[in-house]
Amino acid sequence: MAGLFGWGAKRPVEPPAPERPLETTVATVVLQRFLTALAPRQAPVLLDLGPAVGANVSFLGEQLACKLLIGDLFHEVRDAGGDGVRTSLVARLERTVTGQIDAVLCWDAFDYLDRPTAQAVAEFLAARLRPGGVVHGYFATAPGTVDQYTRYVIQSPTSLQCRHESIAPRKRCVLSTRDLAAMFTGAKVMESVLLKSQRREILLRKG
Amino acid sequence: MWKREEAPRPPQPVAPPASSPVVAQAIPVPSTPRVEPVQQEKSNVNIGKSVIIKGELSGSEDLTIEGQVEGKIELRQNVLTIGPNAKIKAQVLARAVVVEGSVQGNIATSEKIEIRDKGSVEGDLSSPRVAIADGAHFRGSIDMQQAKGGEKGEAKPAVAAASPAPAPAATPAPAPVGVAR
């Protein structure tokens, strides 16, 4: 009887899901070029679309003596939700970026946006970017679902630490290099590096 | 027979209890909100949890705030610590600021701003050095333009130099509201 219904039979043990590391390190060759492009500028204004990270603030302050604007787009996306995200994001950017800027750090920020919102944000940034201004970004190359939020921490000009935390799954926005060049009006792609992590590291420069 | 003879104790000076901070006494003066503590070196004044100050707070001592302040805080030569329970809605000018509580408003210092892990700041920071701990919340901008060129340690006192604090001899401070000793 027990055998008939399978009682007492050992269930096949499911292999545990591979635990994703909470921290990873990514090498970067583009960040150094980004810093080099900004070095000659006196007191550059830099917009970070991510959250405030202490190590980054210290690093950028020491390297560039810059004014750093914190965009923290992901938390705006999470807090606003729904259809009002685009309006909310642009309004927030308008409050944060009141003048011209010299550089933008766009590390995964577009992954969490839908395409029209990404377009609106890119147009806003391109309009505020000074001639010669640069954008350093990480962008997804593979479609799918994004269920991790990554916080990038600068360790050195050639190395970033990625700290991951789980988030509610959402569709990942994938933009090709050509899309990005078109979105950031007037900017040219100076570097485009495909990483092992299925991401693309890009440096854009406004002419 | 068991009672020991006690040596006569010298009379002790009457001092205010340490738990009754001075500045707290200054609260019910909304008409003259400026509080000028007496010049003291290396002293620290506490503003307790239950204290609410609306107006302008200035002084020349290090200050720890655990209560609520709305308005303006000016400690150009001193360190301001915003405790874990503090809620500040004010423009802050100081030599250095440590944030463990909540601040809404701009902070400018001549040395350093430190936001600890439970600290929260919504406003613009201006300082040669800014430290933000993991877990801290920050929204706004950070201006570290004085930091370049190895001047971190001896930052030009942007705030203090702009309008130096009046010398005590030139402008004698008004009668102290109270002194924490």
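Is the crossing of α5(A) and α6(A) left-handed or right-handed? The crossing is right-handed, where a crossing counts as left-handed if the near helix is turned anticlockwise from the far one by less than a right angle, and as right-handed if clockwise. The views below come from a predicted model, in which local features need pLDDT of at least 70, side-chain atom pairs count only at pLDDT 80 or more, and totals for chains, interfaces and linings use all residues. Residues are numbered from 1 along each chain as its sequence is written, while chains are lettered from A and ligands numbered from 1 in the order in which they are written.

View 1. Chain A has seven helices and nine strands, whereas chain B has one helix and 12 strands; helices (H or I, at least four residues) and strands (E, at least two) are DSSP runs, numbered from the N terminus. In chain A, 38% of the 207 residues count as buried, and in chain B buried residues make up 39% of 181. Here a residue is buried if 20 or more other C-beta atoms lie within 10 Å of its own, exposed if 12 or fewer, and partly exposed in between, with C-beta atoms placed from the backbone.

**View 2. Helices α5(A) and α6(A) pack against each other.** Helix α5 (residues 85–96) and helix α6 (residues 115–128) of chain A pack at an angle of about 15°, with their axes 9 Å apart. Axes are lines fitted to C-alpha atoms, for helices over the stretch in contact, and angles run from 0 to 180 degrees between N-to-C directions. The angle makes α5(A) roughly parallel to α6(A), because angles under 35 degrees count as roughly parallel, over 145 as roughly antiparallel, 65 to 115 as roughly perpendicular and the rest as oblique. Among the residues that make the contact are A:Leu89 and A:Leu93 of α5(A), together with A:Ala120 and A:Phe124 of α6(A); two residues are in contact if their C-beta atoms, placed from the backbone, lie within 7 Å.

**View 3. Three strands of chain A form an open sheet.** The order of the strands is β1-β7-β6, with antiparallel pairing, and two strands pair if DSSP finds at least two bridges between them. β1 (23–27) and β6 (145–156) stand at the edges, each with a single partner strand, so one side of each is left without a neighbour in the sheet. The twist averages 40° from one strand to the next. Between β6(A) and strand β7 (residues 159–171) of chain A there are 10 bridges, and A:Ile154 stands opposite A:Leu160 in β7(A).

**View 4. Chain A meets chain B.** The contact takes 14 residues from chain A and 15 residues from chain B. On the side of chain A that touches chain B, α3 (54–64) and β3 (67–70) are the elements that give two or more residues, and α3(A) gives the most, with five. β3(A) pairs with strand β12 (residues 141–143) of chain B in the antiparallel sense over three bridges, and the bridge partner of A:Leu69 in β12(B) is B:Ser141.

**View 5. A:Cys173 lies in a loop.** A:Cys173 is found between β7 and α7 (177–183) of chain A, and it is partly exposed, with 19 other C-beta atoms within 10 Å. A:Cys173 and A:Phe110 are 63 residues apart in sequence and 6.6 Å apart in space, C-alpha to C-alpha.
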